[in-house]
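Subject: Structure handover

Hello,

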Amino acid sequence: MKIATIVGARPQFIKAATVSRVLRRTDGMHEVIIHTGQHYDANMSEIFFKELQIPEPDYNLEVGSATHGKQTGMMLDRIEQVLLKEMPDWVLTYGDTNSTVAGSLAATKLHIPTAHVEAGLRSFNRRMPEEINRIATDHVSDLLFAPTRNAMELLAREGLTERACFTGDVMFDSILHYKQLVTEKHRPQSIGDLQEYYLATIHRPENTDDPQRLKDIFTAFSKLDKTVVIPLHPRTQKLIGKLNVPAGHNVKIVEPVSYLQMIYLLKHCSMVLTDSGGLQKEAYFMQKMCVTLRDETEWIETLENGWNVIVGADPEKIIRAVNRPQPGAQSKAFGDGKAAEKVVEFLK
Ligand code: UD1
């Protein structure tokens with residue numbers, strides 16, 4: 001069975017690494033990796049392939065950055081050409097980026113069966129590009145791999161039960177596997193001898209493209225009682241330069257880090273503040289409290305017992321959330337750590 005895996009952005013490399021490892025040790029499975037080139041900086045792409053030992057992509061479509069229409073359109077065109085040449089039995093897409101929607105659409109139009117890993121996620125905020133990508137991908141794909149029971153329920157509400165399979169979350173598998181490999185050598189040099197810190201990331205357009213929200217978030221950070229380490233996404237870095245955002249003495253902006261360095265930072269941080277979807281879960285898996293700098297979350301399971309709270313960009317709410325009491329117990333909402341095996345079983 002020939003599987004074409006389509007990836008393009010940082011979180012997809014992490015998800016695909018885990019499934020790819022299982023695919024490649026399964027008899028009768030052959031994988032072709034197509035990288036759209038959505039993320040192209042070495043520290044946003046190449047480093048993940050090396051560190052996670054993902055085989056070199058068979059194709060790099062070098063699409064790069066552009067407006068949504070242009071970027072997605074170029075991907076559709078280039079993915080179609082590769083699929084016509086390779087004619088895989090299945091196309092596998094991940095998550096909710098422009099690479100996901102382009103991959104699933106190109107494949108379905110060619111009548112190639114398409115499976116979506118991390119299906120059934122909804123924020124119910126249609127202004128997020130990812131929400132549109134999720135809805136479109138789930139509705140055109142043939143197999144929907146849901147990471148949680150809640151995702152299964154949301155797919156059912158949209159009439160997609162027949163295509164939905166519960167697998168658990170491949171990101172949970174991933175943390176369980178890679179956290180054992182993290183050592184002191186993964187401590188990013190850029191944090192110096194810092195011992196106690198909060199770990200933050202900001203890259204969502206709802207925050208980066210709204211100067212007031214971005215300023216509010218940084219104002220809150222500058223009032224916190226510990227240093228805030230921010231491995232900064234290039235889009236935010238570019239915008240911060242333009243905006244004259246107040247950078248408090250306790251705000252430490254560093255270059256984007258690798259996955260194992262991120263796990264190191266997670267393991268040793270006091271708390272996580274983020275607008276990323278993936279990092280909310282990774283904080284939960286590493287048993288760290290999280291403050292979500294958005295107005296909603298797709299990962300409602302992380303809210304249970306106060307592990308994660310949603311605060312938007314309001315400085316007072318951010319500070320209050322950082323000072324909240326320790327949360328209660330965690331449930332096992334994200335599966336048993338064998339989601340990748342289930343994905344491959346369902347494909348078989
Ligand atoms: C994309 C995904 C988002 C995901 C994120 C993970 C979409 C719509 N969004 O957002 O869901 O959470 O990836 O990181 O697909 N840039 C660089 N170098 C790079 C990549 C990007 O400098 O290697 C800069 C460019 O200025 C670019 C901007 O970042 O215009 C945005 O990149 P893009 O890939 O369009 O979206 P992300 O914000 O990375």
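The notes below start with the ligand and then turn to the cavities.

Please keep in mind throughout that this is a predicted model.

The ligand

The shell around the ligand is made up of 22 residues. His-39, Asn-98, Glu-130, His-233 and Lys-238 are the closest of them. For three of these residues I have a distance from a side-chain atom to an oxygen atom of the ligand. For Glu-130, an N or O atom of the side chain is 2.6 Å from a ligand oxygen. For His-233, the distance from a polar side-chain atom to an oxygen atom of the ligand is 2.8 Å. Lys-238 has an N or O atom in its side chain that is 2.8 Å from an oxygen of the ligand. On its own the ligand has 740 Å² of accessible area, and the protein covers 88% of that.

Four helices supply at least two shell residues each: H1 (10-24), H3 (68-86), H5 (129-140) and H10 (234-243). H10 gives the most, with 3 residues. By class, the shell has 9 polar, 7 charged and 6 nonpolar residues.

The cavities

How many cavities of 30 Å³ or more does a search of the whole structure find? The search finds 2.

The largest cavity has a volume of about 40 Å³. Its lining consists of Thr-5, Val-7, Gln-12, Phe-13, Ala-16, Glu-31, Ile-33, Phe-49 and Ile-54. Strand S1 (2-7), helix H1 and strand S2 (30-35) each supply at least two residues of this lining. The largest share comes from H1, with 3 residues. H1 also supplies at least two residues of the shell around the ligand. Of the residues lining the largest cavity, 6 are nonpolar, 2 are polar and 1 is charged.

The second largest cavity has a volume of about 30 Å³. Val-117, Glu-118, Phe-145, Ala-146, Pro-147, Thr-167, Gly-168, Asp-169 and Val-170 form its lining. These residues divide into 5 nonpolar, 2 polar and 2 charged.

Regards

Conventions:
Residues are numbered from 1 along each chain as its sequence is written. This is a predicted model: local features need pLDDT of at least 70, side-chain atom pairs count only at pLDDT 80 or more; totals for chains, interfaces and linings use all residues. Side-chain values use heavy atoms; hydrogens and water are left out. A residue is near a molecule or strand if one of its heavy atoms lies within 4 Å of it. A polar contact is a pair of N or O atoms within 3.5 Å; within protein, one must be able to donate a hydrogen and the other to accept it, and residues adjacent in sequence count only if both atoms are side-chain atoms. Accessible areas come from the Shrake-Rupley method with a 1.4 Å probe; for residues, only the protein chains shown count as cover. Ala, Val, Leu, Ile, Met, Phe, Trp, Tyr, Cys and Pro count as nonpolar, Asp, Glu, Lys and Arg as charged, and the others, Gly among them, as polar. On a 1 Å grid over the protein atoms alone, a cavity is a set of points where a 1.4 Å probe fits but cannot get out, and a pocket is an open set with protein on both sides within 12 Å along at least five of seven lines; lining residues have an atom within 4 Å of a point. Grid points are joined across faces, edges and corners, and a volume is the space filled by probe spheres set on the points.
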